[in-house]
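Subject: Structure handover

Hi,

Here is the structure I promised to pass on to you. Have a look at it first, and then read my notes below.

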Amino acid sequence: MHKTIYNRFDKRLIADLPLAQFEGRIIVIISASEAERAVNYLLSKPLLGLDTETRPSFQRGRQHQVALLQVATDDTCFLFRLNHIGMSPAIVRLLEDTTVTKVGLSWHDDLNALHRLGKFETGDFIDIQTHIHDIGIEDLSLQKIYANLFGRKISKRQQLSNWEADILSDKQKLYAATDAWACIEIYKEIISLKENGNYELIIKEEESETNHPETR
């Protein structure tokens with residue numbers, strides 16, 4: 001089907017779009033032994049989507065360490081609670097891997113946060129923000145890119161929740177899994193559109209209001 005996409009997606013349209021959510025299994029990892037089994041499973045798959053979450057700080061100059069690493073396949077997402085297990089050997093192995101395609105968005109920032117948590121040699125990763133320009137999209141936020149490509153919205157309501165809570169809520173788990181899974185969906189769509197060229201790019205002028213750059 002021929003697809004229409006925009007170089008810039010009007011953020012005001014997102015609220016009325018149908019909601020997109022991850023519908024697969026969500027598994028929370030809170031021990032090194034669980035992490036070992038999860039990473040073995042993940043590295044047997046051809047494509048992974050990754051993201052991280054950090055407890056927000058509302059005090060100037062204070063920054064928390066990354067608390068959650070979420071890694072998704074098409075139908076399963078593991079939530080590694082780094083504030084409980086730290087940079088375990090299995091997680092280091094995942095982050096250093098060069099055999100499985102791994103995609104994220106604004107992944108350079110995530111890697112910097114992960115490096116502050118522990119030492120590892122960075123493996124091979126693909127950043128959507130680098131490849132989205134190949135089809136003419138200029139937006140950098142996950143929400144705008146997903147809405148542009150699929151006509152559905154990703155809720156960001158849990159973004160500023162407490163990711164160091166003793167127990168993550170179901171809404172937090174779904175939010176985290178959806179963000180990681182959405183990276184897979186976006187990456188596959190970029191590749192498909194680049195290969196078949198079956199899309200029309202509509203150029204829109206920059207919105208008149210001044211907004212802060214969106215990166216996630």
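Predicted model: local features only at pLDDT ≥ 70, side-chain atom pairs only at ≥ 80, totals over all residues.

**What I found**

The phi of Ser 106 is near 55°, a positive value in a residue other than glycine. Most residues other than glycine have a negative phi. Is Ser 106 buried or exposed? Its relative accessibility is 4%, and because buried means under 20%, Ser 106 counts as buried.

Next, have a look at two of the helices. Helix α1 (residues 32–42) packs with helix α3 (residues 89–96) at an angle of about 25°, and their axes are 8 Å apart. Angles under 35 degrees count as roughly parallel, so α1 is roughly parallel to α3. On the α1 side, the residues that meet α3 are Ala 35, Glu 36, Val 39 and Asn 40; on the α3 side they are Ala 90, Ile 91, Arg 93 and Leu 94. Sorted by class, this contact has 5 nonpolar, 1 polar and 2 charged residues.

Finally, the chain as a whole. There are 7 helices and 8 strands in it. Its radius of gyration is 17 Å, close to the 17 Å that the globule rule gives for 216 residues, so the chain is as compact as a globular protein of that length. The C-alpha trace spans about 50 × 40 × 30 Å along its principal axes. Of the 216 residues, 47% are buried. The chain exposes about 11300 Å², with 47% of that supplied by carbon and sulfur atoms.

Happy exploring!

Technical notes:
Residues numbered from 1 in each chain as written. Heavy atoms only, no water. Axes fitted to C-alpha atoms, helices over the stretch in contact; angles between N-to-C directions. Helix = DSSP H or I, 4+ residues; strand = E, 2+ residues; numbered from the N terminus. Parallel < 35°, antiparallel > 145°, perpendicular 65-115°, else oblique. Contact = heavy atoms within 4.5 Å. Nonpolar A, V, L, I, M, F, W, Y, C, P; charged D, E, K, R; others polar. Buried < 20%, exposed > 50% of the residue type's maximum accessible area, 1.4 Å probe, protein only. Rg over C-alpha atoms; globule rule 2.2 N^0.38 Å. Areas by Shrake-Rupley, 256 points an atom, 1.4 Å probe, with all protein chains shown as cover.
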